[in-house]
Amino acid sequence: MKKLLDLRFVIGGFFTLVGIFLSVYYILGPKDTTVNTQVNIWCGLLFLLFGIGMVILSYVSKINEE
Amino acid sequence: MKLELIDYLVIAVYFLFVVTIGYVLKKKIKTGNDFLMSNRSIPLWITSLAFISANLGAQEVLGMAANGVKYGLYTVHFYWLGAALAMIFLGVFMMPFYYGSKARSVPEYLALRYDEKTRGFNAVTFAVMTVFSSGISLYALAMLLNIILGWDFNVSVFLAAGIVLIYTFLGGLTSAVYNEVLQFFLIVLGIAPLVIIGMDKAGGWQGILQHVEDAKMHIWKGMGSASTNPMGVDAFSLVFGLGFVLAFGYWCTDFLVVQRAMISRNLNEAQRTPIIASMPKILMPAVVIMPGIILLALQGQFSGFDLPVNANGDTDYNMALPTLLAKLYPNGILGVGITALIASFMSGMAGNVTAFNTVFTFDIYQSYIKKNASEKHYLYVGKASTIAGILISIATAYIARSFNSIMDLLQLVFSFVNAPLFATFFLGMFWKKTTANGAFYGLLSGTAAAALTHGLTTAEGKGGWITNLHTFYSGTSQAFNIAWIAFVVCFIVTFLISLVTRPKAEKDLVGLVYSLTPKQKDMAKVWYKNPLVLGLIILGVTLALNIFFY
């Protein structure tokens, strides 16, 4: 519960989850030829990376504080 | 535009996170100070991002894309001229007074510097203005969701208002600020891919230069006269009206944004908050204005990118961003884009409500209704005013739906009140002989001058309700000119009345006026902690951008 008070952890969690959704949707979802669906995988991976980075940052700063 | 399950999933996860933030923070709220002021305990990176996010509402996200279509690159003046300098000035010169005086709000600073009547005037107009702005934001969100997604107006109003109510009621200002930071990342990361995809489709920067008329691809060219640039403004009204009066009036005196700096952990961080916020701020045009310019380039190359017309038969420029989202985003990332739009509306609404409850509790209730009550009592009042603020916002959304012209009129009146305010603060902070009566009557005169100028001039068919002495090339030009005239009148009246009335004793002005406030001695120890050095760096970058895009 205490970790949820760390905003970096919350932001990281949100973007990790959305990144997973987009990546899975790209792999399993329909391939619409009228629009560029590849943007889902690129954004999914970017969000995932950003999200994991924020979560790691929240743990690293905690260790530094201790 | 049709959303699929994946899009709804992203929206649902976002709603879940914002409500959870409020719920988790609820445990930290014990007093009115925790609820309304975050107990001055928020780290610098959060206050800085919240500072620009409080301004990153729907007017910014939709409005700046719309301005991008109308005015092209000239729109960046709202950032590089109309924000950066004012934010630096706030951090370097004004924050020591706001933070150092221990005032809990901007109206409270006015009470300390001047008197209760000036505070009362500012507190009441600000409180009314914020809840109406919140309601207008809610109305705009519901209308947008109705038009682009077919969602029911009532469901959109109550869903958005309900979620904002939950997280602001539970976690107070801290919750609003935390959500603003989440919303900032969501808006930037949700819209930035649209810019990249759009630029790619338009043929990159070269493609944009080829397909957008040259007149819209500069920022200073043609500013010698209002008739030779798409904004319809001249350099004087742009620099003095927007760059000085409107920008400084908004960024330096509007409690909605200043509040985010005032909850910093110490004075140095409070000073650096607006300056650090100005770094992403000067880059924001890439996310909020570029979509409008990209749309122009795409309109010149492809069909299907035309903007719809509104009920009056005029081009609906506010649909620029939704049009690009619908055309370029597939389902999945479309959900992120729509969530970013919803986030911008909710961010604006929560910012207004949290500023309203603070000003109502401290500057109206505690000052005029019940002094010296317990902290717990003010916590209840803060929470009750949060509910009241949301309810008034909902009522306003419905009024706006039925009587759109009343809302236009209210916004106009608010702009008259705001225009001269910076003169009151500027004189109060830098001239110790400014008196309370001078400030109060200066404010009233400036407001009257703004209304009078609007009544005597027209632009795009608006104004001129007394008679028409002058016609401006655009509404933007009229707004800039009204602002500087109101400022000058307020400045002169305040100055003249102050000369013939008795100022406060100098001992009562320590910490409130520049010349009577001890200067900080540890300013230059480390460059990245020095507000002045940081400010100069930002100024240098802003100047370079202005030259590059001349």
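Modeller: Residues are numbered from 1 along each chain as its sequence is written, while chains are lettered from A and ligands numbered from 1 in the order in which they are written. Because this is a predicted model, local features need pLDDT of at least 70 and side-chain atom pairs count only at pLDDT 80 or more, whereas totals for chains, interfaces and linings use all residues.

Colleague: How many helices and strands does chain B have?

Modeller: Helices (H or I, at least four residues) and strands (E, at least two) are DSSP runs, numbered from the N terminus. For chain A, that count gives two helices and zero strands. For chain B, the count is 23 helices and three strands.

Colleague: What is the radius of gyration of chain B?

Modeller: The radius of gyration is taken over C-alpha atoms, and the globule rule is 2.2 Å times the number of residues to the power 0.38. The C-alpha atoms of chain B fill a box of roughly 70 × 55 × 55 Å along the principal axes. For 550 residues the rule gives 24 Å, and chain B comes close to it, so it is as compact as a globular protein of that length, with a radius of gyration of 23 Å.

Colleague: What percentage of the residues of chain B count as buried?

Modeller: A residue is buried if 20 or more other C-beta atoms lie within 10 Å of its own, exposed if 12 or fewer, and partly exposed in between, with C-beta atoms placed from the backbone. Among the 66 residues of chain A, 33% count as buried. Among the 550 residues of chain B, the value is 58%.

Colleague: Which elements give two or more residues to the side of chain B that touches chain A?

Modeller: Two residues are in contact if their C-beta atoms, placed from the backbone, lie within 7 Å. By this criterion, 19 residues of chain B are in contact with 22 residues of chain A. Those of chain B comprise 18 nonpolar, one polar and no charged (Ala, Val, Leu, Ile, Met, Phe, Trp, Tyr, Cys and Pro count as nonpolar, Asp, Glu, Lys and Arg as charged, and the others, Gly among them, as polar). The elements of chain B are helix H1 (5–25), H9 and helix H17 (333–369).

Colleague: Is H9(B) roughly parallel or roughly antiparallel to H15(B)?

Modeller: Axes are lines fitted to C-alpha atoms, for helices over the stretch in contact, and angles run from 0 to 180 degrees between N-to-C directions. The axes of helix H9 (residues 153–202) and helix H15 (residues 290–299) of chain B come within 9 Å and cross at roughly 25°. Angles under 35 degrees count as roughly parallel, over 145 as roughly antiparallel, 65 to 115 as roughly perpendicular and the rest as oblique. The crossing angle therefore makes H9(B) and H15(B) roughly parallel.

Colleague: How many nonpolar residues has the contact of H9(B) with H15(B)?

Modeller: H9(B) contributes residues including Leu194(B), Val195(B) and Met199(B), and H15(B) contributes residues including Ile294(B) and Leu298(B). One polar and one charged residue also belong to this contact, whose nonpolar residues number nine.

Colleague: Which residues of H7(B) are buried?

Modeller: Seven of the eight residues of helix H7 (residues 106–113) of chain B are buried, so the helix is largely enclosed by the rest of the structure. The cover includes helix H6 (84–100), helix H8 (116–149) and H17 of chain B, among others. The buried residues are Val106(B), Pro107(B), Glu108(B), Tyr109(B), Leu110(B), Ala111(B) and Arg113(B).

Colleague: Is Gly72(B) buried or exposed?

Modeller: Gly72(B) is found in the loop between helix H4 (58–71) and helix H5 (77–81) of chain B. Leaving aside residues up to four places away in sequence, Gly72(B) touches Val212(B), Lys216(B), Met217(B), Pro230(B) and Ile293(B). With 24 other C-beta atoms within 10 Å, Gly72(B) is buried.

Colleague: What is phi of Asn372(B) near?

Modeller: Asn372(B) is found in the loop between H17 and helix H18 (375–402) of chain B, and is exposed, with 6 other C-beta atoms within 10 Å. Most residues other than glycine have a negative phi. Asn372(B) has a positive value, near 55°.
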